[in-house]
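Please read it alongside the sequence and the coordinates.

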Amino acid sequence: MKLVVFLLVAQSFSLVPSRCPRCERTCSCSRLNLTRVPAAPPQLISDLDLSFNRIKQILKRDFPAYASLRVLLMNNNEIQTIQEDALVPLSHLERLDLSHNNLQTLSPRWLRKLCSLQYLNLLGNKYTTLGGGNLFQTLKRLRILHVGGVFLRSVKRGDFSGLSDVYELFLDGKNLQEYEDGSLKETGPISHVILDLSGVFVRNPLLVEAVLSDVVYPNTTLTFTDMLFRKKDHVSLFRVVANLGATSIILRNVNISLAAVVQTLDLLSRSNLTWLTIDSGQILLNYEPVFLSRLHMPRLEVLSFKNIEVSNFYNFPALILLTGLMKTVRRVSLLNSRWFAIPCATSTTFKKLQILDVSGNIFSDLTLSEMMCDGSGNLLDLQTINISRNYLHSINSQLFTKLLKLQNLDMSGNRFKDMPETCHWPESLHFLNLSSSHLKKATRCLPQSLRVLDVSNNRLTEFYVELPFLTHLDISGNQIRKLPEGGLYPRLSFLSIQNNNLQEFSGKDLQAYERLQKMKAGENPYFCSCEFVAFMTSGPANHRETVGAELESYVCNSPDAERGQPVADVRLSVFECHKVVAFTVLSSGFLAVCLLTAALCYKVSVVWYIRMTCAWLRAKRKPRLKKGPPQYDAFVSYSDMDSGWVEMYLVPELEQSDPPIRLCLHKRDFLPGGWILDNIMDAIEKSHRTLFILSRHFVRSEWCKYELDYSHFRLFDQNDDTVVLILLEPINPKTIPKKFCRLRRTMNSRTYLEWPHDDGQITAFWKSLRAAIRRQETVHERFEIQTVNRDV
C-alpha cells in the first residue's frame, strides 16, 4: 500500500510541466499544481501568471530568463521564503502580486531593484510587521499598494517611507494592536484609502483615530470595508472623519443598522462631505429610536446605495428618513437593492437632482409613475434617468414630457414587448437605451431629437425609423436582414449591427450613409458572394475603414464550401466570380468548336455519311420481303435533270420491247406519303436489276447516292450482282466528290454501257442493255462494251 501511494505521488510530480503550456506574449500557468517556477519559454514574454499553484519558495535561478517581465502574479501559492536577490532580474516589472501566501517576514532586499514597480499586493500573508522600515524605500513609482492581513500587529514610523506618489492604499489592519502616530503621514496625501479596521474600532478606538488622522485629507476618498455597525454608538469614528474634512466616504461590505446609518449621517452633517456610498452590505432594523431633526448636509452631492439587502424589507421606511439630505443632492443611485418604490412626496424633495439611477430593482409601471409624480415635472433639473433592469411593461413617455432638461434615459432590460406608435418626449432627450427589452418593432415613438440610440438584443426584424439627428445607432443582437436605409440617418457616424441575420451589404449601401465612420457588423450569417468578398477584401479604403479592421468576426455561412471561414480568408475562382464572362467565353469557345466541327463535317461530308449509315441501319432492320418473283425487272436510278432522256428514250425502248421490261420509276411507282428512303429500299428489293443513269447531274444528286449505296449493301449482304451502269456523258473522275467512293470503285472495277454519240450504234446499245437486264449477254450480241480502268 505504501508503495502504491509513493508511486502515485511520484507520478503526480512527474506530471508537473517544466514549462508553461500556454505562452505567447503572456504565459498563463495558473492552477497547474506547480511546485516551482517553470522554465522560461524561448520567446520574450511580458506577463506571467503563476497564481493558485503550490510553489513554496522563490530561488535566485528562477527569474534570470524572465528579465522582460512587466506583470508577475504569484498570489494564492504556499510561498514561505524568497531568496534575497531572487527578484533582482525583474527591473522592468510594473505589477507584482504576492498576496495570500505564507510569507512570515518582508525584506527590503526583495524589492530593491524593482524601480519600475507601480502595483504591489502583499495582502494575506503571515508577517506581523512590515520589515522594520525601508521596505518600500526604492519604489519611487509605486502607485497602488495593498498591504496587511490578519497577522499584522504593528505599524511603526518609517514603514511607509519612500512612498511619495501613492494613489491607492489598502491597509488590512483588522487585528492591528500597535500603530505609531505619523506612520502613514510619510506618504503624503493619498487619493483613495481603503481601510479594514473591523476588529479594532470597538476594541481600540484611539488606534483607529490615529490611523484616520494620518490618511484623511479633504480630497481623499475614504473606504471602510468589512465593518459591523450594529448600534449607533459604533459609528463614533465618523466624528473624527468629519473633523478632518473628508469629502468622499464609501462603506463597502458593511452590516449597519438603520439607527447607525442615521447616526452616521448626523455625525457627518457638519462636515464637508460631498459623496456618500454604501456598497454591498445589509441594513438591519433593530428598532433603536431614530431622530432626524438635525440631519442636514448642505454640501452633499452624491448619495449611492449599491447591492444593499434590507432585512424586514416591507417595514423599511424607504427614503422618507433621508428627506433632509435631498435638497442639495445632485446624484442619487439606488442599485440592485430590490427597491420597489420612491414616494412622490420624497422625489419632490430632490430640488437639485440631476442624475437618478434606480437600476436593478423591482419598480413596476405603477410605482414608476408614483416616483415621477405622474409626469407633473417636479424634477426640473433632472438630466439623466436610469430605470434599467426593473419590471416595467409599457413605455410611458408622458412621465418625462415636462422634464425639459432630460438628456439621457436608460430603460433597458425591462419587459417591453410593444412600442406605442407615437410618443411625446422632451426635445432635449439625446440618449435613449431600450436594449434587452423584448421589443418586436420600432415605431415613430422614438424621439426625433435622439443623438444616441441603443435597441440591441431585442427581436426586431427591421429598422426603418427616420431619426435626422442620430449619430450612434446600436441594433446588434436582433433579427434584421438588411442594413437600414442610410438616407434616414444623415448624421450617423457609428452603426453596430452585429449578431443579426444580415447576409451581405455593398459599397452602395454604405454610400447612402453620408457621415458613417465606423460600422460593426460581425457575427452575421454572411453569404460570401464574389461581390461581397471583393468589397470586404479589396474594396475602397474608406469603406474598409468603415467596416473595421476586425475582419475575423465576418464569417461565411454560405456557400457550403466556405462555411465557417472568415471572409478575409475566402478565395473564390474566376468562374465563380465572373459567371457572365466565363459563360460568354465558354459559349464562344463552344460555338467556335461547333462551327469548326460543322465546317470540317461539311468538308468531309460527315453529315452525309451519318445519314447514309442511318439509312443502311434502317435497311438492315427492315424485314426481308418474302422470296418470290421480282415485281420489276429494273429499278431506274437517275437524276431529275436527266428525266427527259429517261422518259423519252429509256422507258419507251424497254417497256415497249418484246417481251417488255418492267421498270420502276420514282416519279411513277413510289408510294405517295411514304418515307423516300423506304421507297428506295422497297424499289430496289422488288427489282431484279438496278439501272444507274450516270451523268454530272447524278453525281450531284444525294438521293441517287443513297440508291447507289443501297444497291451495294444488297450486293454485299446477298452477294447479288444487280447493278447496271449507263454512262450518259463522259465524266471527269476529278469532278466526282470523294463521298461517292462506291461509284468510283464501281466505275473502276465494273463494265458499264455508254450512250453512243453515233446514231448508228443506238440500236446495238438498246440491245446490249436489254441483254444486261435479262442476263442474256453474249459476245456477239453485246454492244461494244468499253472497259474503263481509271484511277479516280
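The paragraphs below treat the helix pairs, then the strand pairings, and finally the aromatic rings.

The structure is a predicted model, in which local features need pLDDT of at least 70 and side-chain atom pairs count only at pLDDT 80 or more, while totals for chains, interfaces and linings use all residues. Residues are numbered from 1 along each chain as its sequence is written, and side-chain values use heavy atoms, with hydrogens and water left out.

**Helix pairs**

Helices (H or I, at least four residues) and strands (E, at least two) are DSSP runs numbered from the N terminus. Axes are lines fitted to C-alpha atoms, for helices over the stretch in contact, and angles run from 0 to 180 degrees between N-to-C directions.

| Helix pair | Angle | Axes |
|---|---|---|
| α3 (residues 205-215) and α4 | about 20° | 10 Å apart |
| α4 (residues 237-244) and α5 (residues 258-268) | about 25° | 8 Å apart |
| α14 (residues 643-655) and α20 (residues 762-774) | roughly 65° | within 10 Å |

Angles under 35 degrees count as roughly parallel, over 145 as roughly antiparallel, 65 to 115 as roughly perpendicular and the rest as oblique. The angle between α3 and α4 (about 20°) therefore makes α3 roughly parallel to α4. The α3 helix passes α4 in a right-handed crossing, a crossing being right-handed if the near helix is turned clockwise from the far one by less than a right angle, and left-handed if anticlockwise. In the contact (heavy atoms within 4.5 Å), Val208, Glu209, Leu212 and Ser213 of α3 meet Leu237, Val240, Val241 and Leu244 of α4. By class, this contact has six nonpolar, one polar and one charged residues, where Ala, Val, Leu, Ile, Met, Phe, Trp, Tyr, Cys and Pro count as nonpolar, Asp, Glu, Lys and Arg as charged, and the others, Gly among them, as polar.

Helices α4 and α5 are likewise roughly parallel to each other, and their crossing is right-handed. Phe238, Arg239 and Ala242 of α4 make the contact with Thr264, Leu267 and Leu268 of α5, and these residues divide into four nonpolar, one polar and one charged.

By their angle, α14 and α20 are roughly perpendicular to each other, and α14 passes α20 in a right-handed crossing. Trp645, Tyr649, Leu650, Glu653 and Leu654 of α14 make this contact with Phe765, Trp766, Leu769, Arg770 and Ile773 of α20, a set with eight nonpolar, no polar and two charged residues.

**Strand pairings**

Two strands pair if DSSP finds at least two bridges between them. Strand β16 (residues 275-284) runs parallel to β17 (residues 302-310) over eight bridges, and the bridge partner of Asp279 is Lys306 in β17. Strand β17 also pairs in the parallel sense with β18 (residues 331-335), over five bridges, where Val302 stands opposite Arg331 in β18.

Elsewhere, five strands form an open sheet with parallel pairing, in the order β30-β29-β31-β32-β33. Its edges are β30 (663-664) and β33 (753-754), each with a single partner strand, so one side of each is left without a neighbour in the sheet. Within it, β31 (residues 687-694) and β32 (residues 723-727) run parallel and are joined by five bridges, with Leu691 having Val724 in β32 as its bridge partner. Helix α20 lies across β29 (632-637), β31, β32 and β33, running at about 140° to β31.

**Aromatic rings**

How many aromatic pairs does a search of the whole structure find? The search finds 17, where rings of Phe, Tyr and Trp (its six-membered ring) pair if their centres lie within 6.5 Å, and planes under 30 degrees apart count as stacked, over 60 as edge-to-face and the rest as tilted. Phe463 and Tyr489 have ring centres 6.2 Å apart and planes at 25°, so the pair is stacked. This pair links distant parts of the chain, 26 residues apart, with Phe463 in the loop between β23 (452-454) and β24 (472-474) and Tyr489 in the loop between β24 and β25 (494-496).
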